[in-house]
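This report covers charged side chains. It takes up a surface patch, then salt bridges.

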Amino acid sequence: MADGSDKKLQGAFEHAVNECRRGAPKSDIMDDVTTIVRDAVEAPVGFAKAGSQRKGVADARSDRDYLMKKPNGEDFTRQDRRDIKEAIEEELQGKVSNVTIKTNAIQAETEPGYPDFDLVPADVDYKARNQTGFRQHKTLPDQEPLTKAARNASTGLRNVPGLKDKKSTPGYVLDQAAARAAAENPEAGSYEVFCAALNDPKIANQPAAKEFAKLAPEEQIQQLHEH
């Protein structure tokens, strides 16, 4: 595995990251979603970016995570969730293919050309398994602020073929590995942080990371560009 010090590879990595983020443009339907949600619960619900958007590691293929907050800290109810689900299904026919109520979020899968999205209630009146950890991952600042180098490294990790997996290596694990690598060497560039993060114990033992490590550095960056 390269150490990230090669200047030519550094430039190629930065280019690959920018291409990863650009991707194919998608139509944003969140203006419609906010109106639908507010009408469904009959309240001026506020929305704030969460997840990869908030952390600055989202690319064109990322889903859109939003924290929903009612006025005066009012709770969302189970009925609210059902009403929102049904309203999205009715109002966004042809754009949304499936809406699922999860313990901590309302998840929408969309048709090609539209971004998937998760709506996360800030406050609820029901018990939700692991809701604190989930909301912290989606909505609160990380303990280690993601520097530009760490953000770029996180984007690179998310585009290693097969590495990002919700069960083994979810996005926040990749973000944390990049943040740790950047904190250990604050002067490091994006590619150096990326290389160090790939050697993080929580990343290096994943099958996809092991396969990726077998490639020459130039081949690795080419895969990021293509993935």
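Glu86 is partly exposed, at 49% relative accessible area; partly exposed lies between buried (under 20%) and exposed (over 50%), with a 1.4 Å probe and protein chains only. The model is predicted: local features need pLDDT of at least 70, side-chain atom pairs count only at pLDDT 80 or more, and totals for chains, interfaces and linings use all residues. Residues are numbered from 1 along each chain as its sequence is written, and side-chain values use heavy atoms, without hydrogens and water.

Glu86 sits in helix H4. Helices are DSSP runs (H or I, at least four residues), and strands are E runs of at least two. Helix H4 (residues 78–91) contributes the most, three residues.

The whole structure holds seven salt bridges. Each puts a Lys or Arg side-chain nitrogen within 4 Å of an Asp or Glu carboxyl oxygen.

Lys95 lies in the loop between H4 and strand E3 (96–101), and Asp32 in helix H2 (residues 30–41), so their pair ties together parts 63 residues apart in sequence. Glu89 and Lys85 are four residues apart in helix H4, about one helical turn. Lys214 is exposed at 64%, whereas Glu211 is partly exposed at 48%.
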